Amino acid sequence: MKICKKLSLLAICVVMFSMILLSGCAYFPVDMVKYYSDVVATVGNEKITRFDLLSAYNSYGYSYYVSQLGNTSEEALSSTLDLLIDRSLILQYIKNDINETSDSQYKLNEYEVNEVWNDLFDYMDEQMENYTTEAKEILNIDDEADEEEATDEEETAYIYSPYKKRAKIVQDENTGSIKIVVEEEKTPTTVNEDELVLKSYRNFLTDYTNASVPLALKEQYFSNYEKKLTTETDRKVYNKALKLLSEDLLQYQYYLRDENGNKYSTKTEDMISWLFERQYESQLETAYFEKLQNIYIRNENLSVDKLTDKFKELYKADYDKYYDNESSYISKMTESGTEAYNVYYNMGTTSEDLFYVYHILFGYNDEQKAYVEDLDKKLENKLISQEKYDEEIEKLSNSVIASIRNEEGLDSGNTVSVDSNLLAQIKNKIDTAGDDDDKIKAFNELMYKYSTDTATLTSSASAYVIGTATSSMVDSFTEASRNLYNDGQGKIGDLSGFVSSEYGLHLIMYAGKVENKFTINNIDNVVIDFSNSELNLYNMLYNRATNYTYFDMLFDKVYPADSDGLFPESNGYSDYETSLADMLKGQYKVIKYTDKIKGTLKV
């Protein structure tokens with residue numbers, strides 16, 4: 001297999017305005033319209049021009065084939081063309097399957113189409129922001145007001161919600177084998193008119209490849225954009241930004257041609273329409289390749305064996321690290337934060353017991369923090385007695401007010417006194433929650449409602465580990481936690497009452513001992529299936545505060561989602577792309593015009 005095929009087609013940047021404009025390429029003199037419009041290859045009904053080839057070469061061909069692999073420039077150009085041909089073959093295959101098959105597996109669902117639209121609008125927002133900034137500089141317009149507005153920080157939302165399952169297992173009716181099925185995204189991307197994202201996409205789009213789609217998007221985009229222009233200065237800057245954009249597009253007028261080779265109009269509106277068309281097609285093609293890759297991984301690479309092997313690997317690595325190093329193990333487990341959830345081997349017996357606690361922090365305001373700091377200094381310097389200190393802390397605690405978050409995870413504007421009534425309400429919710437896991441989940445929901453310890457609200461695991469001799473938490477927190485442990489007699493759901501520290505008031509809940517669920521002798525017997533085995537990872541909770549299982553944790557590690565919610569390229573996918581393209585060469589006629597390719601880089 002040629003080494004050049006190892007560059008995945010999914011990773012290729014297709015020809016689009018941002019690449020052309022920002023590449024600063026020296027190969028594109030504006031007086032060589034015909035030269036750059038020459039066709040260097042045809043793939044079925046599609047044409048690849050010299051401009052397409054050089055754009056791709058400058059975008060990734062040179063850096064990959066020449067800089068990384070050490071190919072000559074001519075070899076790199078040839079390899080780049082081969083990749084463009086393969087890409088064109090696969091895209092035609094996907095689009096034909098969508099057009100000819102009513103239930104084509106390649107057809108983008110509503111969520112995926114919305115992602116294409118949003119990416120297009122994000123791209124245009126970025127372009128408009130850049131040109132608006134340039135326009136303000138040229139027009140010498142003060143930008144201080146915008147800068148002040150930009151410094152306003154948005155409130156962070158902290159919302160408790162169960163883990164959204166990315167996958168599940170099913171049993172094949174014929175073979176009885178267990179397969180992993182990726183859960184489809186059911187909800188389309190949220191659209192927000194303030195971000196210039198269209199609410200009515202679905203109303204006028206019935207065909208994802210309809211040529212009028214980008215024009216409709218363009219009209220709506222700029223219509224929404226213009227609504228935000230509230231002053232004459234805004235409109236002046238906006239018009240200047242559009243002019244700058246069109247002037248840059250005009251530099252590439254040799255490429256502003258339709259499929260018949262006729263030049264497009266160089267009017268500002270027409271050139272921007274051309275930009276929308278090209279960028280939309282680019283985003284759409286990228287989405288198709290992501291879909292292809294997703295399908296491949298689902299069909300070829302998802303397996304319960306990979307997940308169980310991953311867990312054995314994680315467990316045995318930690319076993320080798322900690323089994324004869326108790327102090328290192330205890331130190332890692334009790335680190336500040338939730339590092340314990342990254343330890344997969346737990347010692348059955350240690351010189352001290354380890355246990356989990358959850359807490360709600362009702363934070364002091366700045367004035368109260370300063371007062372506590374002053375009391376601490378006085379106690380340290382023996383200016384006040386411990387009794388006086390405790391008395392002052394109790395008085396201060398009675399004045400603490402907690403903010404309440406709403407269902408959206410934002411400050412509702414409502415408050416509650418941190419007193420015996422609130423403690424009774426929380427205790428009642430825990431006592432009536434059901435089994436131990438339900439109690440932990442109920443307390444976790446309350447954390448998201450009240451707690452100012454945001455570190456526990458943004459982590460996938462929100463418990464702390466305390467040892468009967470080791471702790472990284474402040475003394476008052478540690479002492480209260482050990483009292484809940486009660487020499488091993490504590491029960492999950494037991495509450496501490498309000499405990500003061502320099503940070504505020506803590507309400508701590510005991511959540512059980514650190515368990516040794518797996519041993520070096522039984523680790524090879526872990527399974528992922530529908531059995532009742534005690535070593536079945538499928539329904540075993542990894543984080544008891546939510547529905548996050550060992551299966552979920554392992555799936556996220558083996559197939560981590562990227563920013564687009566897709567799997568990374570797995571072993572064999574590049575080879576699959578290559579074999580698919582080779583197969584398609586028997587269905588679509590491919591012609592290379594070597595006389596047009598020769599000498600391209602010397603012009």
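How many helices and strands does the secondary structure of this protein come to? The count is 20 helices and 13 strands, where helices (H or I, at least four residues) and strands (E, at least two) are DSSP runs, numbered from the N terminus. Keep in mind that this is a predicted model, so local features need pLDDT of at least 70 and side-chain atom pairs count only at pLDDT 80 or more, while totals for chains, interfaces and linings use all residues. Residues are numbered from 1 along each chain as its sequence is written, and side-chain values use heavy atoms, with hydrogens and water left out.

**The overall picture**

- Of the 603 residues in the protein, 46% are buried; buried means under 20% relative accessible area, exposed means over 50%, and partly exposed is in between (1.4 Å probe, protein chains only).
- Take the contacts between residues at least 6 apart in sequence: 69% of them join residues at least 24 apart. Contact here means heavy atoms within 4.5 Å.

- Two strands pair if DSSP finds at least two bridges between them.
- E1 and E2 pair over 4 bridges in the antiparallel sense, and Val39 has Thr49 in E2 as its bridge partner.
- Those two strands, E1 and E2, also form a hairpin with 2 residues between them, and Gly44 in the turn has a positive phi of about 60°.
- Strand E1 (residues 39-43) also pairs with E13, in the antiparallel sense over 3 bridges; here Ala41 has Lys592 in E13 as its bridge partner.

**Helices packing on helices**

- Two packed helices are described by the angle between their axes and the distance between the axes. Axes are lines fitted to C-alpha atoms, for helices over the stretch in contact, and angles run from 0 to 180 degrees between N-to-C directions.
- Helix H5 (residues 110-139) packs with H9 at an angle of about 110°, and their axes are 8 Å apart. That makes H5 roughly perpendicular to H9 (angles under 35 degrees count as roughly parallel, over 145 as roughly antiparallel, 65 to 115 as roughly perpendicular and the rest as oblique).
- H5 passes H9 in a right-handed crossing; a crossing is right-handed if the near helix is turned clockwise from the far one by less than a right angle, and left-handed if anticlockwise.
- On the H5 side, the residues that meet H9 include Met128, Tyr131 and Ile138, and on the H9 side they include Val237, Leu242 and Asp248.
- Sorted by class, the contact of H5 with H9 has 11 nonpolar, 1 polar and 5 charged residues. Ala, Val, Leu, Ile, Met, Phe, Trp, Tyr, Cys and Pro count as nonpolar, Asp, Glu, Lys and Arg as charged, and the others, Gly among them, as polar.
- Helix H15 (residues 420-431) and helix H16 (residues 436-450) have axes that come within 8 Å and cross at roughly 145°. Among the residues making this contact are Leu422 and Ile426 of H15, plus Phe443 and Leu446 of H16.
- The residues of that H15 contact with H16 divide into 7 nonpolar, no polar and 4 charged.

**Residues to look up: buried**

- Ser246 sits in helix H9 (residues 232-250) and is buried, with a relative accessible area of 5%. Leaving aside residues up to four places away in sequence, Ser246 touches Thr268 and Met271.
- Leu108 is in the loop between H4 and H5, and at 2% relative accessibility Leu108 counts as buried.
- Leu108 and Tyr288 are 180 residues apart along the chain, yet their C-alpha atoms are separated by 7.6 Å.

**Residues to look up: exposed**

- Lys382 has a positive phi, near 60°, in a residue other than glycine. Lys382 lies in the loop between helix H13 (366-380) and helix H14 (386-397), and is exposed, with a relative accessible area of 73%.
- Asp487 is another non-glycine residue with a positive phi, near 55°. You'll find Asp487 in the loop between helix H17 (475-485) and strand E9 (495-501), and at 71% relative accessibility Asp487 counts as exposed.
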